[in-house]
Amino acid sequence: MRKIKIFDTTLRDGEQSPGASMNVDEKIQVAKQLVKLGVDIIEAGFPIASPGDFDAVKRIANEIRGATIAGLARAKEEDIKRAWEAVKDAPQKRIHTFHSTSDIHLKYQFRVSREEALKRSVEMVKLARSLVEDVEFSPMDATRTDTRYLLEVVEAVIEAGAGTVNIPDTVGYTTPSEFGALIRAIKEKIGDRAVISVHCHDDLGLSVANSLSAVLNGAGQVECTVNGIGERAGNCSMEEVVMALKTRRDFFDADTDINTKEIIRTSRLVTRITGIPVQPNKAIVGANAFAHESGIHQDGLLKEKMTYEIMRPEDIGLQQTELVLGKHSGRHAFKTRLKELGYELSPNEIETAFMKFKHLSDQKKYIFDEDIETLVSEEVSKGYELYSLIDMSTSGGIDQKPVAAVKIKIGDEIFDRMERGDGPVDATYRAIAALTDTKSNLLKFEVKSITGGTDALGEVLVTLEENGRTVRGHGADTNIIIAAAKAYLNALNKLAARKK
Ligand code: KIV
Ligand code: ZN
């Protein structure tokens with residue numbers, strides 16, 4: 001089985017995503033996580049680009065162990081020397097230098113001839129090799145470069161000492177079969193004299209497919225970024241290429257050294273630090289990547305995971321498959337979730353709750369565990385009222401801490417209590433908690449106005465938790481404090497019904 005090296009450029013090309021810049025400490029955090037993930041090479045930055053970039057690469061080279069640290073440099077003496085200064089303290093270091101080779105770039109951007117570009121590339125690879133053993137060269141815009149000239153450049157830079165030649169699809173222009181053929185032609189020419197790397201951009205959404213096609217045709221290194229962030233539409237996504245190789249090892253006959261269980265942690269860290277969200281349906285790391293809603297799929301999954309799952313969520317570090325309950329879900333998934341939530345209901349009770357659930361899922365996009373708890377606890381607690389509010393009053397002011405006097409009926413007896421609190425609701429809730437001796441925790445408190453005007457009917461919804469179970473209570477009144485007390489007692493009644 002061939003080993004494919006993973007060259008991670010999240011900190012360099014990834015950082016070129018609009019708005020993705022990271023400070024030095026954040027880059028260190030990402031670099032540490034990339035080592036845990038098991039990448040072979042970390043492209044830590046472009047040291048000549050700014051003093052901040054230089055400092056980040058230098059600190060990563062000094063502090064991070066367990067991966068090769070690469071610094072990017074144009075094929076210019078000052079860039080290469082700066083890159084060397086930045087990476088020199090790393091035990092494993094690389095200088096990655098590049099020069100455009102396409103006629104479009106040479107003619108319009110750099111105004112140099114092919115001969116001049118070739119000469120500079122060779123000279124700068126030699127200069128880099130005089131400083132460091134491990135040199136990578138990229139002919140930028142390779143996929144729009146004349147193939148014969150590209151092969152000439154590749155041959156010459158290997159002769160000059162480059163150990164890796166990276167073939168960038170700088171503008172995301174190529175297609176899988178075309179790119180595969182190009183990599184095959186390079187492989188046939190250079191054999192094992194250097195590692196062929198690929199660096200694909202996603203302008204046509206083909207970066208992962210192009211990279212995989214390159215692997216099939218002889219590439220030994222893939223350049224990629226976490227979550228596929230990067231210049232414009234981004235780079236080849238690390239998690240997609242890695243999981244494609246792992247899942248279809250049988251087809252590619254190649255794999256990486258990535259510890260895939262660290263994928264989700266790495267993805268979330270990069271999201272948090274860059275502020276660039278991952279789309280929910282993104283392969284591998286999207287919120288829905290392991291979430292199934294259709295009843296047919298859920299039924300199959302509950303019988304045997306293999307029916308609709310080609311990867312295990314645990315393989316990327318997720319807990320487990322998520323069965324999302326929604327309007328497409330069936331009885332099998334609903335019953336399973338009820339069981340997971342700790343309910344043992346009779347077939348009739350399940351049927352009634354399922355009908356209510358179907359009705360609710362027509363009105364509500366997402367059905368949370370909380371909603372199911374509410375449905376079921378309403379079913380279970382129907383008509384059961386251990387606690388009821390008899391009377392209450394509150395007072396307080398700017399200089400006077402609020403106080404609540406609450407009178408409730410528990411079973412057949414009446415009890416009252418006075419408590420102080422941070423506000424009238426807090427004082428009321430303290431009094432009710434003391435009277436009922438509840439051990440529940442208040443998770444959520446929401447106030448809504450049902451009608452308009454200052455005499456509006458207010459509705460309060462509270463969510464309580466006790467021993468891992470949640471219930472929702474609601475209460476309505478024109479006095480919002482009374483509505484709050486009713487909601488609390490309503491939720492406590494549901495907990496009591498369950499215990500009963
Ligand atoms: O996309 C590109 O061509 C690059 C090079 C610097 C490798 O990022
Ligand atoms: Zn790039």
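Start at Asp 13: one of its polar side-chain atoms sits 3.1 Å from an oxygen atom of ligand 1. That is a polar contact, a pair of N or O atoms within 3.5 Å; within protein, one must be able to donate a hydrogen and the other to accept it, and residues adjacent in sequence count only if both atoms are side-chain atoms.

Before moving on, note that this is a predicted model, where local features need pLDDT of at least 70, side-chain atom pairs count only at pLDDT 80 or more, and totals for chains, interfaces and linings use all residues. Residues are numbered from 1 along each chain as its sequence is written, chains are lettered from A and ligands numbered from 1 in the order in which they are written, and side-chain values use heavy atoms, leaving out hydrogens and water.

**Stop 1: the ligand site**

Select His 199. A polar side-chain atom there lies 3.1 Å from an oxygen atom of ligand 1. Now His 201: a side-chain N or O atom is 3.0 Å from a ligand 1 oxygen.

**Stop 2: the domains**

Colour the chain by domain: domain 1 (2–274), domain 2 (291–381) and domain 3 (387–499). These bounds come from an automatic or database domain assignment. The C-alpha centres of domains 1 and 2 lie 44 Å apart.

**Stop 3: where domain 1 meets domain 2**

Show contacts, meaning heavy atoms within 4.5 Å. Nine residues of domain 1 touch seven of domain 2. The buried area is about 640 Å², with 64% from carbon and sulfur atoms. Buried area is the accessible area (1.4 Å probe) that two parts lose on being put together, summed over both.

Pick Met 243, Lys 261 and Ile 264. They supply 60% of the area that domain 1 buries against domain 2, more than any other three residues.

How many residue pairs are in polar contact between domain 1 and domain 2? Three, with both residues at pLDDT 80 or more.

**Stop 4: strand β15**

Jump to Ile 414, in strand β15 (residues 413–420). Strands here are DSSP runs (E, at least two residues), numbered from the N terminus. Beyond neighbours within four places in sequence, Ile 414 contacts Ile 390, Lys 407, Ile 408 and Lys 409.

Terms used:
Helix = DSSP H or I, 4+ residues; strand = E, 2+ residues; numbered from the N terminus.
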